[in-house]
Amino acid sequence: MKSIFKSNSLSDDQKTNQSLSLRINVFFFSTFIIFCIIIVRLAILQFVEGPTLKDEETSRDTKSVPLASIRGTIYAQAGEKLAYSTSVQTLYFTLTREYSETSTDKKTKKTARTPEAVAKAGLLAAGLAADFATYGAKVPKEEVLTKDKVLLAMDLDSKVYSGFMLRPIKRGLTNKEVAYFMEHKGKYPNLTISEEDERHYDKDTVASQTVGYIKPFKNADMDIYRNILAAMKNEGDPGLAYRADEFVGYDGLELQYQRELRGRNGYLMVGVNAQNIAEGIEEVVPPVKGNDLWTTINKNIQLKTEQAILDQLEWVHRNPVQGKVHPDAKTGYAVAMEVDTGNIVAMASMEDYDTNLWTKGTLPTSVWNELMLNYQNGTITPISSGRSGHNFESTVFLGSVIKPLTVLIGLNEGFITTNSTYTDKGSTTFGRAGHETTVRNAGGHAYGYFSSPAKAIEKSSNVFMIDMIGKKLYEKYHEKGVKVWDKYMRDFGLGEFPDSGLPGEHKGIINYFKEAEAGSAQSALVFASFGQQGRYTALQLAQYASTLANQGARIKPQLVSKITDSAGKTVKTFGREVLNEVKFDKSYWREVIKGMNTDVKAFEGFPYDFARKTGTSQQEYYRKVNGVNTKFTVDNGVFIAFAPRENPKLAVAVVIPEGGFGSNSAAPVARKIFDAYDWEYGLEGTPKKSIPPKEDAADKTTGDGEAAEDGH
């Protein structure tokens, strides 16, 4: 028994030793694993996450401060400057800790800048004031930059600017000031000189609303800039960041080509402490000048177009047509578009204004009150783009200018042929029996026998359009006829964006769907057939006229021919672009263009055969008479044309709200546009200005042998 007991006792000791050994091994193994994990984590931090963490550290310790670039120039077709910038030098101050260091009073517990910081800032401000007085240009006493004014501009308490942001001290440094501060960088390490621009617009107010204007970025509508900012953020380039006081495009070409015109800002890389105060400038990257736009606008044609509208407005105020004058015609709109290229050579929205008013950053209330109704482009939008005497917008009903398209629809649908005849009795009816509505031609004229649809267009017959197309669309399609009509309209750009790219383009105001809902599809189609169910912009009408001239090809309106960099190198060009094409039988086009032959007195003596269509759309307004709200109707003048009829070169659209008959109000403006284009470019390819005048038999030579001038 003893031997057995002894054997068991030895076994227990062995077990104890083995257990201790196991625990020691587990401890060392766990320690080894932990150290492995730490080493691997350190490796990940250094080699994998290191660059990212370094970038994050950099972003916390350094900030990029934008330096504005010089904005590019917007040129007219022949190189005249429509919008341009001149360079100015601005002195900026960078706030660092030595000027902003604060301490807290133990008794009052108020925090204020230390006496040393106050003294140093005062010394710098006094020195700058003295330097400005010595090297700067003489200015009126109230504009002198005193020590107190400099201290205010330094914004030492960061009430205006973030701690690390540059503070503008003086804009428009003289050459002497620039030279002095450049030579004394050691004396003024916190000062930076940046080249900036001042924007100017042609004082002739050439296509003001088309060119657009600029405003400080801090006042910009973020809805407008959301996409631009998103794109810049994705690119991650500090040179694309905006400054609050930077001027940016806010309408027209200035906004449409904001990124190209702006160029690329320079920037300062500034070290920043935990209080968001600059520790010093670490890097300076200079800005890159913006690109230049070369527009298709011909300045001479544009100015003649603008003047033609103003002259015609004055004319209809004084000269009675159909027994009355039209004093409520206060606005006018015109677009001239090349048929083959889509180039817009003139785009006039009148009254216009001087866009230089925007370059100061703010507008006095009195000035804004005058501009608020006409500062936008009435050829592309009815919003804030002028109002006639009875508050009509720039978009008016087409009137009879729709009739070429109405006939095309009738031909394509098989309602009529090019040989269809019709007897115009001056009026027609539609609607349910016993509830018919009567519609008449303008003036109640009965035109009699038409040998073809072309004659119906030429005579501008409402009843033909109703009987032969409007009613038949309803008979064929019933309620769906309105959608069929709408499809044809959109194919010609009526109800679609013209796609010029200008901000604020409008699709027009379509009434036929509302009429179909409120009245009937039949009435909608009847009234639409002679131009009383859709209101469109002058640009849409010009594109429509161009599509007729191109026999179905709807061309994109082009306002810019090319973009060049600051060295003059072309970086992008623009050319003819077909948006969509309508396929009709060739005979249909010939018939319709043949019918665009309305007699227009304003074109007497015009040397070219040309296609045209006058329009007089009616619009209603209400006025109280003897306490009763009474309805009145006025006439809007509309005119479209292209010339020459064969091989057309230019399409024109003119709209004069409340101007009366289109032949008397809008057509004379179009004539002057065609004449101006003929002079500059030639409607048959040879500019008239390049053709020497014919020598008159009565001319004599002067004594020195040169021909006497004929005064041309």
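## Exposure of Val571

A residue counts as buried under 20% relative accessible area, as exposed over 50%, and as partly exposed in between. In this predicted model, Val571 has a relative accessible area of 46%, so Val571 is partly exposed. The residue belongs to strand S24, which covers residues 570-573.

Leaving out residues up to four places away in sequence, Val571 touches Ile563, Thr564 and Asp565, and also Asn291. Asn291 is 280 residues from Val571 along the chain, yet the C-alpha atoms of the two are separated by 8.7 Å.

## Overall chain

The chain holds 22 helices and 28 strands. Its radius of gyration is 37 Å, whereas the globule rule gives 27 Å for 712 residues; the chain is therefore more spread out than a compact globule. Along the principal axes, the C-alpha atoms fill a box of roughly 140 × 105 × 65 Å.

Of the 712 residues, 47% are buried. When contacts between residues at least 6 apart in sequence are taken, 71% of them join residues at least 24 apart.

Ser394 sits in the loop that runs between helix H12 (365-371) and strand S15 (396-397). Its relative accessibility is 1%, and because the cut-off for buried is under 20%, Ser394 counts as buried.

Two polar atom pairs involve the side chain of Ser394. A polar atom of this side chain lies 3.0 Å from the backbone oxygen of Thr381, and the side chain also makes a polar contact with the side chain of Ser385 at 3.5 Å.

## Packing of H16 and H18

Two packed helices are described by the angle between their axes and the distance between the axes. For helix H16 (residues 481-491) and helix H18 (residues 521-529), the angle is about 30° and the axes are 9 Å apart. Angles under 35 degrees count as roughly parallel, so H16 and H18 are roughly parallel to each other.

On the H16 side, the contact is made by Gly481, Val482 and Trp485. H18 contributes Ala521, Ala524, Leu525, Ala528 and Ser529. By class, six residues in the contact of H16 with H18 are nonpolar and two are polar, with no charged residues.

Terms used. Residues numbered from 1 in each chain as written. Predicted model: local features only at pLDDT ≥ 70, side-chain atom pairs only at ≥ 80, totals over all residues. Heavy atoms only, no water. Axes fitted to C-alpha atoms, helices over the stretch in contact; angles between N-to-C directions. Helix = DSSP H or I, 4+ residues; strand = E, 2+ residues; numbered from the N terminus. Parallel < 35°, antiparallel > 145°, perpendicular 65-115°, else oblique. Contact = heavy atoms within 4.5 Å. Nonpolar A, V, L, I, M, F, W, Y, C, P; charged D, E, K, R; others polar. Buried < 20%, exposed > 50% of the residue type's maximum accessible area, 1.4 Å probe, protein only. Polar contact = N/O pair within 3.5 Å; in protein donor to acceptor, adjacent residues only side chain to side chain. Rg over C-alpha atoms; globule rule 2.2 N^0.38 Å.
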